[in-house]
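Please look at the model below.

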Amino acid sequence: MRKISASKIYPVSSDPIIGGVVILDQGKIVKIDKAENHDPSTIDSHEGILIPGFINTHCHLELSHMKSKVDTGTGLIPFISSVVKFRDIDQEVIDLAIIAGDKEMIDNGIVAVGDISNKADTAKVKSTSSISYYTFLEMFDFLQSSMTADTIKQYQSPYELQSDDGFNKKNYVPHAPYTVSPQLFEYIKENSPSNCTISIHNQETRDENLLFEKKEGKFLDFFDAFQMPMNDFKPIGKSSIHYAMKHMDPKNRTLFVHNTMTNIDDIKTAHEWSDKVYWATCPNANLYIENRLPDYQIFVDQGAKMTIGTDSLTSNWQLSIL
């Protein structure tokens, strides 16, 4: 038996305990008790707080090499363009940054991560890390059905290389409503295991909603700059989350990420669509990119199930949930 005590213990499932002790047997917690009920000489005592490990529900570990490379406050669309520019650099630099990012999360008490991957760069680190990783192989074809087949082929190798061994999990997910065609959504749905978790970037900027509501906003210029024709795109007259839900399976757990521009009607509609909806907030990333935050009160008022993520070091100053 091992006994660990701290000034305060936060069980999460109950109120904080002052002067408590956590009792472990072969690494498993068997009881939380008052320290006064035990011989002080048998207790490993610490000043501070003792809490369960943190869950980082949204990270891009493979982008760790881009720390401090992208300016803050530019807005999402210029941010995305900058990320593309820094993708192809020396592999050794990328690998060392991934190792450092994984260690930083371990040092910050993170025990599980929902990690976005477009490549297999993180596979080796994940296979040996003490962190449990759920790897989301994030697919996108920029709403171009002509690119869907090549996109699917491109992701087969990264998917195979990422581990799925019980400790770690993986599946395909869509990047965002504005980058995934109906055909690619269908492929992801057909190739996802039952009862899996699907992660999708959602309503991170006003221009995302404008695109789907009126076919207006800066995303039109973004697609034009990458020579992606939008001639056949038809707006749906509703916010982007409606397009995403139309093409996803409500039986799966769905993690909507960022939600900076999500309103109360969007939340209500999502909760009617599925009882397995979770809302991931990455506040430092939202401040880093667009210097704004979601309206948290409307999520609280609707009893939303919320989670916290760090996003990547491209859009954050550190990988810490605390």
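**Labels and their grounds**

I49 is found in strand β5 (residues 44-50); helices (H or I, at least four residues) and strands (E, at least two) are DSSP runs, numbered from the N terminus. This is a predicted model, in which local features need pLDDT of at least 70, side-chain atom pairs count only at pLDDT 80 or more, and totals for chains, interfaces and linings use all residues. Residues are numbered from 1 along each chain as its sequence is written, and side-chain values use heavy atoms, with hydrogens and water left out.

Q: Why does I49 count as exposed?
A: Exposed means over 50% relative accessible area, buried under 20%, and partly exposed in between (1.4 Å probe, protein chains only). I49 has 52% relative accessibility, so I49 counts as exposed.

Q: What makes Y10, I49 and I51 a patch?
A: Patches are made of residues with over 30% relative accessible area and no salt bridge; nonpolar side chains (Val, Leu, Ile, Met, Phe, Trp, Tyr) are joined within 5 Å, like charges within 9 Å. Y10, I49 and I51 form a nonpolar patch on the surface, with about 250 Å² of accessible area together (Shrake-Rupley method, 1.4 Å probe, only the protein chains shown counting as cover for residues).

Q: Why are R2 and D44 said to meet in a salt bridge?
A: A salt bridge is a side-chain nitrogen of Lys or Arg within 4 Å of a carboxyl oxygen of Asp or Glu. For R2 and D44 the N to O distance is 3.4 Å, so the pair qualifies. This pair links distant parts of the chain, with R2 in strand β1 (residues 2-9) and D44 in strand β5, 42 residues apart.

Q: Why do R2 and D44 count as partly exposed?
A: R2 has 48% relative accessibility and therefore counts as partly exposed. D44 is partly exposed because its relative accessible area is 30%.
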